[in-house]
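Visitor: Please take me through this model piece by piece, and expect me to jump between topics.

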Amino acid sequence: MSAVLAAFREAYAAALRLHLRAPDQNTLAEGYELGRRALVEGVSILDLTEHHYRLLEQEGLGPAPDGTDRGEAALEFLLQTMAALDVATRGFLDGTRRYEQQRSRADDLAGRDAFRTALVESLQDGFFVVDAEGTLIEVNSAFGALTGYGPDGIPYPLPHPWTVPESPRYPDLGTEAARFVMPIRHRDGRQLWLAVSTSSLVKPENGERVFVGTLRDVTAEHDAQARDQAVSRLATAVGAATSVVEVLTVGLEELRRAVGAEAAVVSVWPNHHTGPELYVSEDNQYTAAGLAPHITQPIRRRGSGDADLIGGAESRRVLDARARALLDRARLQPGRSMFAIPEGVSSSEGIVAPLGESGDSALWLRFSAPRVITSGDWALFSLLIGHLSLAVQRARNFDQARSTSLTLQRAMLGPIELPPRFSVHYEPALPPLEIGGDWYDVVRLEDGAIGVVVGDCVGRGLSAAVVMGQLRTAARALLLRGAGPAQLLAELDTVAARIPGAMCTTVCAAILDPVRGLVRYSNAGHMPPVLAEPGKQGRLLEGGRAFPLATFDIPRRPEATTAMAPGATLVLFTDGLVEQRGVDIDDRFVELADELSRVAVQLPREVADSVLSRLRPTGGYDDDVAMVVYRQPPKPLRLDVPADARELSQLRRALRTWLTAAAVPHDLAVDLVSAANEACSNSIEHAYLGGEPGRVRLSADCGVDTLTIEVSDTGVWRPLPADPGNRGRGIAMMRALTDQLDIDHSGPGTLVRMSVRLVAASFSAAGRM
C-alpha cells in the first residue's frame, strides 16, 4: 500500500468516526472534501468503498445506544465523499462525448472540403475568391487556363496582372458585386474578353466581407459583335462618298480605328509611268516607322497630278524601301488575299493586302506594337478590307461616270473665251455627275459689243443637258449672225418647238456695249438680271419680259435698253440661285441686291463667290445654278497731289482700289501699281530738284481691252547718267511691267504713258472663272 493511500485511509477513518458520533453538515462537508482529495490523489472508488465497509466491520459500528441507526449515517457520509468523484466521472464522459462529436465533425468537414475542391475544379468556368483588400486568394484551374495565371501563383494582389491598362475602366475582379464583360491580357499576350459574375459574402466567424465569382470566355461573341459594328460603321462612313479620295479619307480613318492600327496607308498606281499616290491615316499619338514624321493631318494624299501634292519622287521618300516593296508585292496578289508582316513569326507588325482586283492599289495596316493575330482578327480584317475595296470600286465607277458627264458637258458647251471684266459660274444640282440643263454663253461681236445668253431647260441631268446643248449652239449661231436679243429669242422659239423636252425653257439674252455703257436685253420667262451701280442698291432689270420658249405664239418679243453707269456690276443668273423652299423669292432678290451693293468694288470672280456664299441654303442648292458677272469700266481715275514722297502711299492705295473696280486681276494690278509708283517717285525725286515744289498728276483709264496709266509733272527732265551706279533702273522696270511705255519730255514737264492689254481668259464652261 502506498503512503498516499495509507494517509488517505487514516483521514477517512477519523472523519467517518467523527460523523458517526455527531452527524451534521460540517462532517458531511468534510466527507465531500475527502472525495475531492481522492480525485486529486488518484484513490479509486473501489479502494474507498472497500475501506469504508472494513471500518464498519472492524469498529463494530452498529446502531447507537440511543437507537440511532449509524449504518445509515455511514452510508450518507460515503455518498457525500463519492459525490466529487461522480461529478468528475460525468465530466470526463461528457468531454469524451464532445471530443467524439468534434472528431466526427472534423472528419465530415474534411470530406466536405474535398468535395468542394473537386466541385470547384470540375467547373468549366473560372472560379475565384477575393478578400476584402481585392486580393485573389483562391482560383481554380479553369481560371488559370483563361487568364494564364493559375493556383500556383496565389495570391494575386491589386493591380491584377491581367489588367489591360489602355482599355476603358472596368471594375477589378472582386471589387464590387456585379455582372459585366471586361477585357484582359492573357499571360501569352492575347487580349480576351471575359464575362464576370461576382457575389458578396460575409464570413460568420469574423464578419469579413469576401467576393466569390466566376468568369467565362466570351471573346468569340464579343469579336463577332465588334466585327458587325465595325463593318456597319465603315459601310456607313463610305456609303455617301462619291470619289476615291472621299472614300479613302473617311474609310482609312475608320478602318484604322476598327483594327487598332497605328497607321493605314493605301498606295495607288495611276499608271505605269509615275510613282504611286499615297493616302495616309495615322494616329497622331505615334509616328509610324517608315512614314515622314512631319505629317500630322489625319488623311493625306500624295502623288503627282496636282500642284499642291508631293510629286512621285517625294512620294517614294515618304515610305522606306521595305514598305514600298511590301505594297508593290501586295497589289499583285489575288483579290481578297492578306498576309502578315513579317511572315513566319508569332507576333505581327501589321498586314498588307491588295485593294480591289485591278492590281493597281494596296493597303498596309501597321500596329503600334507587334501582336498575335487571331482567327477573329483575320475575319474582321477580311470583312473591312472587302467593304473598303467595294467602296473604292464604286467610287471609281462614279469617277468614270463623272468624267464621261464632264466630257459631254464640255463638248456641248465648248470652251469659251471670256472678255475682260467677266466671271462665270456653273454649279449643277447633281454634283456626283456635274451635269445639268442650265447654261450661259459669252460671245464677242464684230462691233465691239458682247453678247450674253443665260438659259435654263426644264428638268435635270443628262436629258436636260442634251436639250441645253442644242439650244446653246443655236443661240450662239444667232448671236454671231448679228441677231439682237428679241430676234434671238423669237428664232429660238422656232428651234425649241422642234426639240423634244425644250418646251418652257427660259432664256435671257443681252448685248452689252461697254463703250457707250448700254445693255440691250430680252427675257423669255427667265430671272431678271440685276444691275448694281457703285454706292447704290442693286436693282432688277424687269423690262423686255415675255413667256418662256415654245409655249405661246408671240407676234413679237419685247426688248429693253438700260444704261450701265461706270463701275456698275451686271449679273445674269438662273433660278437655282434665288429659289429656296419656304422662302419668299422677293426676299432672296433683296439679299442678292444687297450683296451686290456690298461687294460692288471687288473683282467679278470675288463678286460671284460672295453672292453664292450669301445665298447658298444650309443644305446646298437644290437646282442648277448658272451665273455671269460683268463689270462696266469705271470712270477714269484723276489724281493731282504735291510732289512729296509722303503722298506715294495715298497714290498707291487709290490706284489699287480703282484697278479692283476695273476688274483688273490681282497679279496685273500689283505690276501696274509698282510701275506707277516708280514713275511718281521719279517725278517727286528729280523733276523739281533744286527748284520750287511742284505737283504730280496720275490718271488711269480703262477701255474695252486696254488699260492706260499716265504720270505727268511740270518739272525738268533729267536724262539718265552714263554710269547710274546702283540706281537708274526705274525705266527698265516700268518697261518690264507693262506692255508699252512712252516717255514724252519735249514740252514743259514730263509725261509717262504706260499701257497694258487686258487679255481674255480661255475657260471651260463646265466650271467657274
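**Starting at arginine 179**

Visitor: Which residues does arginine 179 touch, not counting those up to four places away in sequence?
Guide: Arginine 179 touches Val196 and Ser197 on that basis, a contact being heavy atoms within 4.5 Å. The model is predicted, so to speak of local features requires pLDDT of at least 70 and side-chain atom pairs count only at pLDDT 80 or more, while totals for chains, interfaces and linings use all residues. Residues are numbered from 1 along each chain as its sequence is written, and side-chain values use heavy atoms, with hydrogens and water left out.

Visitor: Is it buried or exposed there, arginine 179?
Guide: Arginine 179 is exposed, at a relative accessible area of 72%; exposed is over 50%, buried is under 20% and partly exposed lies in between, with a 1.4 Å probe and protein chains only. Its place is in strand E3, where helices (H or I, at least four residues) and strands (E, at least two) are DSSP runs numbered from the N terminus.

Visitor: Which residues are closest to the centre of the largest pocket?
Guide: Of the 42 lining residues, the closest to the centre are Gln191, Val259, Gly260, Arg371 and Asp377. The lining divides into 18 nonpolar, twelve polar and twelve charged residues, with Asp, Glu, Lys and Arg as charged, Ala, Val, Leu, Ile, Met, Phe, Trp, Tyr, Cys and Pro as nonpolar, and the others as polar.

Visitor: New topic: how many residues are in the largest nonpolar core?
Guide: That core has 34 residues, and those with the most contacts inside it include Leu655, Trp658 and Leu659; a nonpolar core is a set of buried Ala, Val, Leu, Ile, Met, Phe, Trp, Tyr and Cys residues joined through side-chain atoms within 4.5 Å. E24, H15, H16, E25, E26 and E28 each supply at least two of its residues, and H16 gives the most, with nine. Leucine 659 touches Val664, Ala669, Leu672, Val673 and Leu707, not counting residues up to four places away in sequence.

Visitor: How do E25 and E26 run?
Guide: E25 and E26 run antiparallel, joined by seven bridges and by a hairpin through three residues; strands pair if DSSP finds at least two bridges between them. Aspartate 701 has threonine 708 in E26 as its bridge partner. Eight bridges then join E26 to E28, also antiparallel, and glutamate 710 is partnered by arginine 753 in E28.

Visitor: Last one: which strands stand at the edges of the five-strand open sheet?
Guide: The order is E13-E23-E22-E18-E19, with antiparallel pairing. E13 and E19 stand at the edges, each with a single partner strand, so one side of each has no neighbour in the sheet.

Terms used:
On a 1 Å grid over the protein atoms alone, a cavity is a set of points where a 1.4 Å probe fits but cannot get out, and a pocket is an open set with protein on both sides within 12 Å along at least five of seven lines; lining residues have an atom within 4 Å of a point.
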